Amino acid sequence: MRHHLILRVVSKLLIPFILLYALYVQFHGDFGPGGGFQAGVIFAAAFVLYALIFGVQAARKAFPDSWLAILIPLGVLIFAGTGIASLLLGGTFLDYDVLASTPTGGQHLGILVVEFGVGVTVTAVMIAIFFAYAGRTHEIQDDDW
Amino acid sequence: MLELFLDKYNYWIVVVLMMIGLYIVIARGNLVKKIVGLNVFQTSVFMFYISLGKAEGGTAPILTGKPELFSNPLPHVLILTAIVVGIATTALGLALVVRIRESYDTIEEDELEGMDNAVVTTERARLGTGDAA
Amino acid sequence: MESGIVNILVDISLMTLLGITAIGIVRSRNLFATAMLSGIYSLISAAVFVTLDAVDVAFTEAAVGAGISTVLMLGAMTLTRRSEKHAIKLHIGPLFVTIGIGAALIYGTVDMPPFGSTDAPGFQHIVPEYIAGSRDDIQVPNIVTSILASYRGFDTLGETAVIFAAGIGVLFLLGRRREDEEADESSNSGKGEDA
C-alpha cells in the first residue's frame, strides 16, 4: 500500500483520535453507553487500521508480541484480583462495598478497576487474533482485487 | 389478526432471519460460509433477546434523574458480553478453517469427507491384507 | 400513537433490509462479497438495537460486528479461497428442516407476552431492584454498566475468561511457528497464491 497517499495521511490523523475515543469510552462507561468490552475493541481497531495501512511489521513494532503475552492474562488477573482484594478486606468475592471508605465509593472504584481489566484483555486478545491471521496472510497485491 | 401481527411481528421476523442463518449452516458446504451463517443466526438470537426487553414508550436504561420508564437492562448486559465472546469464538472457528485448509488444501465439506473416507478405506484394506498374511 | 406508527415503520424497514442482506449472503458464491454482506448485516442490526433502546449493545455490535469481525473474515478468506466451489442451488432437505423449525418457533411465540409489554415476566422480580439499586446504592447512571460490573460481576469474570481462552486458542492454532515450518512455508508459498 505504498502509494495510497490519502489513506496514509487520513489514517495517521485519525489513529490518535480513535485511541483517545477508546479511552473516553473506557472511563466514561459509568455515565453513558460504553465500557471495557467496547473500549477494548475500539482500541484494537486503531492498531488494526495501522497494520492495514502501514503493514503488519510496523504494527508489530508499535505493539510488540511480548506486550500481548503480558496483557492478555493481566486483564483477567486484574478482574480476579479485585475479587480477591474484596475477600481480603472482609467482603465476599467481587463485593466492592468494602474497597473504599463508603460503599458507594467502593462500588465506583470496583466498577472502574474491573472495567479496566476487561478492556485490557479484550484489547490484547483482539490485537493478538488479528496479528495471528495477518502473520499468515500473503501480502495482498492491489491488482489481485 | 392485525393485533396479533402488531404484538408479535418483531419475533416473527427474527425467527425468519434465524432460519436463513440455519439454512446457510446446513445447506452450504463451504466452511467459511457456514461460519458466516452461524454469525447471522447468532445476531438474530441477540435481536430476539433485545426485543424481549423492549418497553413500549420506554427509553435507554441510563438514569437522568427524572422518573422514567426504562427498557429492560438485563438482556442488554447478557447480549453485550455475548457479542464479544461471539467474535472471539468466531475467530477460533476461522482459525480452525485456516488450519484445515493448510492440511487438506480444501474447505469444502464433501471433499473433506471424501478424503477422510479414502484414508479409512485404504487403512482397512491394509489391515485386512495384514491379517490374511 | 403517531410515534408508535413511525417506530413500527422504521422497525419493519430495517428488518426488511436485514432480510435482504441475509438472502444476499445465501445467494452469493463469492466469499469476499459474503464477508462484506455480513459486515453490513451487523451494522443494520446495530441500528435495530438502537431502535430497541439497547444503546450499549448497538455500540458493541457496530464496533465488533462491522469492524473487527469483517477484518477477520477477510483475513481468513485470503488464507483460504475467494469463492465457493459448488454452485448455489436450492437444497430441498435443509429447506424443509428450517421451515419446520421456523414454524415451530413461530407457533411458540403466540403464547409469548406482546412486543413492548412491560407486564412481561422479564420486567418483574429482579429488574426493578437492579434499577433502584443502581440509582440509590451504586449511583452509576448507566444501569447496564452497574449490572455488568457489579451485580453480575461473577458472570462478566467468566466472559472475560472465555475471551482469554479463545485468544489463547487462536494463538495455539495460528500463532508463531517453529523454524522448520517457517522454511516449509517459504518453499510452498506458490501454492497459497493461486487459491
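**A note on chain C and its contact with chain B**

1. Let's begin with charge pairing: there is one salt bridge between chain C and chain B. The partners are B:Lys54 and C:Asp53, whose side chains come together at 3.2 Å, N to O. Please keep in mind that this is a predicted model.

2. Polar contacts come next. Across the interface of chain C and chain B, 16 residue pairs are in polar contact, with both residues at pLDDT 80 or more. On the chain C side, the elements giving two or more residues include α1 (2-27), α2 (31-51), α5 (126-138) and α9 (189-193). The largest share belongs to α3(C), with 12 residues. Sorted by class, this side of chain C holds 54 nonpolar, 23 polar and 13 charged residues.

3. How much area is buried between the two chains? For chain C and chain B the figure is about 7,800 Å², and carbon and sulfur atoms give 75% of that. C:Asp53, C:Phe115 and C:Leu173 supply 9% of what chain C buries against chain B, more than any other three residues. In residue terms, the contact draws 90 from chain C and 79 from chain B.

4. Now for chain C itself. Its secondary structure comprises nine helices and zero strands. Of its 195 residues, 45% are buried. Among contacts in chain C with a separation of 6 or more, 50% link residues 24 or more positions apart.

5. Finally, the surface: chain C has an accessible surface of about 9,500 Å², and carbon and sulfur atoms account for 64% of it.

Conventions:
Residues numbered from 1 in each chain as written. Chains lettered and ligands numbered in written order. Predicted model: local features only at pLDDT ≥ 70, side-chain atom pairs only at ≥ 80, totals over all residues. Heavy atoms only, no water. Contact = heavy atoms within 4.5 Å. Buried area = accessible area lost by both parts, 1.4 Å probe. Salt bridge = Lys/Arg side-chain N within 4 Å of Asp/Glu carboxyl O. Polar contact = N/O pair within 3.5 Å; in protein donor to acceptor, adjacent residues only side chain to side chain. Helix = DSSP H or I, 4+ residues; strand = E, 2+ residues; numbered from the N terminus. Nonpolar A, V, L, I, M, F, W, Y, C, P; charged D, E, K, R; others polar. Buried < 20%, exposed > 50% of the residue type's maximum accessible area, 1.4 Å probe, protein only. Areas by Shrake-Rupley, 256 points an atom, 1.4 Å probe, with all protein chains shown as cover.
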